[in-house]
Amino acid sequence: MRRLGEVLEVEVGYAAGPAGTGVAYAAFNGIDGREVVRLPFRIVRRCLLPERAVAYAALVTVARSLCKRGVTRAHFVMPDHRFVEEVTTRRDVPEALVLPYVRLRCALNAFHDVEVGAGATDELMQRAGAEVALNVAA
């Protein structure tokens, strides 16, 4: 991990299968170089906006994991610009995403300093997508 007080930049990639079982990958610079953490999660697939629900669940899972590791300041890099805009502008979210939004806000409020921004996380997205596809095929 980083020294106390430093902001940890965390790239996030994620995917979920048709049954709602998903995986998130979080990449950041640790003491010994780049560290990648794999975190499983699950969503309810009856959600009307499953792609966005997956993004919410992935970020909640990553944020909670980092808090447990003692991270207090983080900048999360997410691949979906629309998702980032939705969670950073605090505008009204569709009814189907209200509960995931509340869960996310609670997870992010555990940090002393937190930002969510958009950026490329292609490698992590591909890794998560491949793992989910293999699990679905099995």
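Here is a quick look at the aromatic pairs and a nonpolar surface patch in this structure. Keep in mind that the model is predicted.

**Aromatic pairs**

Let's start with the rings. A pair of aromatic rings is described by the distance of the centres and the angle of the planes. This structure holds 3 aromatic pairs, and two of them are set out here.

| Pair | Centre to centre | Angle between planes | Type |
|---|---|---|---|
| Tyr 56 and Phe 83 | 4.9 Å | 85° | edge-to-face |
| Phe 76 and Phe 111 | 5.7 Å | 80° | edge-to-face |

Take Tyr 56 and Phe 83, which form an edge-to-face pair. Tyr 56 sits in helix α1 (residues 50-68) and Phe 83 in helix α2 (residues 81-88), so their pairing ties together parts that are 27 residues apart in sequence. Tyr 56 is buried, at 0% relative accessible area, and Phe 83 is buried at 0% too. There's also a cluster here: ring pairs link Tyr 56, Phe 83 and Tyr 101.

Now for Phe 76 and Phe 111: their planes lie at 80°, so this pair is edge-to-face. It links distant parts of the chain, 35 residues apart, with Phe 76 in strand β4 (residues 73-78) and Phe 111 in the loop between α3 and β5 (113-118). Both Phe 76 and Phe 111 are buried.

What makes up the nonpolar surface patch of about 240 Å²? Val 98, Leu 99 and Val 102 do. Val 102 belongs to helix α3 (residues 98-109). With a relative accessibility of 41%, Val 102 counts as partly exposed, whereas Tyr 56 is buried.

Terms used:
Residues are numbered from 1 along each chain as its sequence is written. This is a predicted model: local features need pLDDT of at least 70, side-chain atom pairs count only at pLDDT 80 or more; totals for chains, interfaces and linings use all residues. Side-chain values use heavy atoms; hydrogens and water are left out. Patches are made of residues with over 30% relative accessible area and no salt bridge: like charges are joined within 9 Å, nonpolar side chains (Val, Leu, Ile, Met, Phe, Trp, Tyr) within 5 Å. Accessible areas come from the Shrake-Rupley method with a 1.4 Å probe; for residues, only the protein chains shown count as cover. A salt bridge is a side-chain nitrogen of Lys or Arg within 4 Å of a carboxyl oxygen of Asp or Glu. Helices (H or I, at least four residues) and strands (E, at least two) are DSSP runs, numbered from the N terminus. Buried means under 20% relative accessible area, exposed over 50%, partly exposed in between (1.4 Å probe, protein chains only). Rings of Phe, Tyr and Trp (its six-membered ring) pair if their centres lie within 6.5 Å; planes under 30 degrees apart count as stacked, over 60 as edge-to-face and the rest as tilted.
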